[in-house]
Amino acid sequence: MSKTVLVVDDSRVSRMMLSKMINMVASGDWQITEAEDGQQAVEKATAETPDLIVMDINMPVMDGFEAVEILRPQLPDTTMILLSANIQSSSQARAEELGVHFIAKPITPAVAEKALAIWSRENE
Amino acid sequence: MNDLTVLELDALAEIFNISVGRSASALSELTQEPVTMSVPVVHVMPIHRVIELLSPGIGAERLTCVSQMFNGSFSGEAMLMFPENSSLEIVRLMLGSQVPIEQLSEIEQDALNEIGNIILNACFSTIADMLQDTFSCDLPELTVASVDEILQKPESEQTVLFIQIQLALESQNLEGYLAFIMGSGSEANLQQALRGFLEGVQ
Amino acid sequence: MQLFERALSVLQSGVMILDEEYRVHFINRWLNKAFDTSEDLQDKALFDHYPELVGSRIHQAAMQALTSGLPSLLSPGLNRSPLPLFRGQGARRERFSQSIRVQPMMSDDKCFCLIEVQDVSSMVRREALLNKQAEKLNQMALTDELTGIANRRHFNMMLERELRRSELQGTPLSLVFFDIDFFKQYNDHLGHQAGDKCLVAVSDYLRTQLQSYGYQVARYGGEEFCIILPGQAADVAEHLAERCRNEIESLKLKHPSSSVAPVVTASFGVATRSDTQPETQTGLILRADNALYRAKLAGRNRVVVAERQDKELS
């Protein structure tokens, strides 16, 4: 059965890039769904229970941190990863506290590989 | 230059979002304080329209401007601008100056120059990474002047990539502006580069 | 030696060129000496030699110049002394504040970076001094010269802040105004120096008394003083005013020309911010001052509380 990944970013180009990178790195294995902001992410994740969520932090309506605060207790088996170009220790610490991972932007094939590797590790 | 498509503007916005995100990390490390920066809006417009856009909000207040000339497949002048009051606030917060100052001292001017340099360099290196280009730049220069004086260029029809940025540190929210004034021919090259980038992603 | 080489060797600031591997391609005499080493750093790998610099701002700047061709500026305000450089001799040897510029350079298709260093210690010291002086001037602007307590300007600032806070939080705010009875006569009879001493005695005493409550007393002008009581309603304020009145009288400062008592006394006016009607700073001050005036009319050496604002209007 193929796995689902929810890609969340207010930038359409970012979502396109992530989808493309994921397909490049592990094509066929993953079904990709998208959301534009934290609120949509919560709605979709609640309805679809994805295996993996890769989410930008800086978004309008609801940001990445707020969304994972809601989703983390709700979906204990979903691997969650936050993306940002702002990699200061306070953000990384906050991600750790929330029980989610943190990868730095820009979105490259390496980022996609890392995200999938994290999922593999958590689901061995 | 033809108007950029929605997707091209989105790509630009994401490029600058990443650039200011990286700068925020660098500034945070430098000042040992949490720093957040985001890019709410990216515009592409002629210079005179930028002046029109800025003037009502700024009025007679002066702007602190750090500028770097750049050269690559698109060339021109890159500027980071903050209203003078915000600049004073930034140096006060980042240098820990206790004293309410009306004017920037030499140390503070240098600090602002460095902050501008960090942000502008992050923009160039991100643009270079994402659009597969290389840039060379001059060292930053600081001026404090009115909107008109700073943006007064011989050709007021020159295209500007104009970006509003929000800077948050120590619970203070400050608004600044990035402007990339492009030499003739540069706009077309930029659009070309964006198209190439998008083709690679679609 | 060429003229250029000679110029670089006598230059009183630092010049260093690193190659793509961060090896010192060239370093001038001034800078090598400042590095506090007897070794010649020429051809050494800089970050192997100084591993504490790995990942530092100067390392990042060199990296950005060599890999991305971008110049950087390290200002003394944000980077006190990025490189381990020293000046002075023997016991006076100290690490100095630096201003650094890093620029990319190309030669024969190879990348280099130029690092330029200046000793800016005297500039930094001078600015620290200016800052201290500015701070002192600012303090002086808010302090009454004679008594050392807050002056009217400072009082106005504090009142505005407390008024806004009490409106936001919905808490009460009271103001006490008082002035020394027959002060003009005190001055006329005993002289201005004695008058000053009296003001200082009263303000000193009250300042220490009120400090334990966290209240500040300010000099509004001449012989008029005021106290702001954030979070307190009229009853507490009245009680405090009465205590102050009593304490001043108990100081037993002889006042030969007072027709109220043989010692220095003061009259008090108290006003509390209305919680039903919005009140301006001026409004509140006027009501306190009015109450003070009524205290004078009623015979001095007493406390009068202003009517609640809504009552006054009806």
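Reply: Start with what counts as touching: two residues are in contact if their C-beta atoms, placed from the backbone, lie within 7 Å. Of the 2 pairs of chains in contact, chains B and C share the most contacts. The model is predicted.

Me: What makes B and C a pair in contact, and how many residues of each take part?

Reply: The cut-off is 7 Å between C-beta atoms. By that test, 28 residues of chain B meet 23 residues of chain C. On the chain B side, the elements giving two or more residues are α3 (84-95), α4 (106-131) and β4 (136-137) of chain B. The largest share, 12 residues, belongs to α4(B). Sorted by class, the side of chain B that touches chain C holds 14 nonpolar, 9 polar and 5 charged residues.

Me: Which residue counts describe the contact of chain A with chain B?

Reply: Chain A gives 16 residues and chain B gives 21 residues. On the chain A side, helix α1 (residues 12-26) of chain A supplies the largest share, 6 residues. The classes on that side are 6 nonpolar, 7 polar and 3 charged residues.

Me: What is the distance between the nearest C-alpha atoms of chain A and chain C?

Reply: That distance is 15 Å, and chain A and chain C do not touch.

Me: How do you know how far the predictor trusts this arrangement, and what values does it give the complex?

Reply: The predictor assigns the complex an ipTM of 0.90 and a pTM of 0.78. For chain C, pLDDT averages 92, and 98% of the residues score at least 70. The scale of pLDDT runs from 0 to 100.

Me: Why is chain C called more spread out than a compact globule?

Reply: The globule rule is 2.2 Å times the number of residues to the power 0.38. For 314 residues the rule gives 20 Å, while the radius of gyration of chain C is 34 Å, well over that value, so chain C is more spread out than a compact globule. Along its principal axes the C-alpha trace of chain C spans about 95 × 45 × 30 Å. Chain C is divided into domain 1 (3-125) and domain 2 (142-313), and the centres of these domains, taken over C-alpha atoms, are separated by 62 Å. Chain C has 11 helices and 12 strands.

Me: Why are β2 and β5 of chain A said to stand at the edges?

Reply: The open sheet of chain A has 5 strands in the order β2-β1-β3-β4-β5, with parallel pairing. Two strands pair if DSSP finds at least two bridges between them. β2 (30-35) and β5 (101-104) of chain A each have a single partner strand, so one side of each is left without a neighbour in the sheet. The twist from one strand to the next averages 20°.

Me: What makes β1 and β3 of chain A a pair?

Reply: The test asks for at least two bridges. Strand β1 (residues 3-8) and strand β3 (residues 52-56) of chain A have 4 bridges, in the parallel sense. Within this pairing, L6(A) has I53(A) of β3(A) as its bridge partner. Helix α3 (residues 64-74) of chain A lies across β3 and β4 (79-84) of chain A, at about 175° to β4(A).

Me: Where is the cis peptide bond that has an omega of about 10°?

Reply: That bond joins K105(A) and P106(A). P106(A) is placed in the loop between β5 and α5 (109-122) of chain A.

Key. Residues are numbered from 1 along each chain as its sequence is written. Chains are lettered from A and ligands numbered from 1 in the order in which they are written. This is a predicted model: local features need pLDDT of at least 70, side-chain atom pairs count only at pLDDT 80 or more; totals for chains, interfaces and linings use all residues. pLDDT is the predictor's confidence in each residue, from 0 to 100. Domain bounds come from an automatic or database domain assignment. Ala, Val, Leu, Ile, Met, Phe, Trp, Tyr, Cys and Pro count as nonpolar, Asp, Glu, Lys and Arg as charged, and the others, Gly among them, as polar. Axes are lines fitted to C-alpha atoms, for helices over the stretch in contact, and angles run from 0 to 180 degrees between N-to-C directions.
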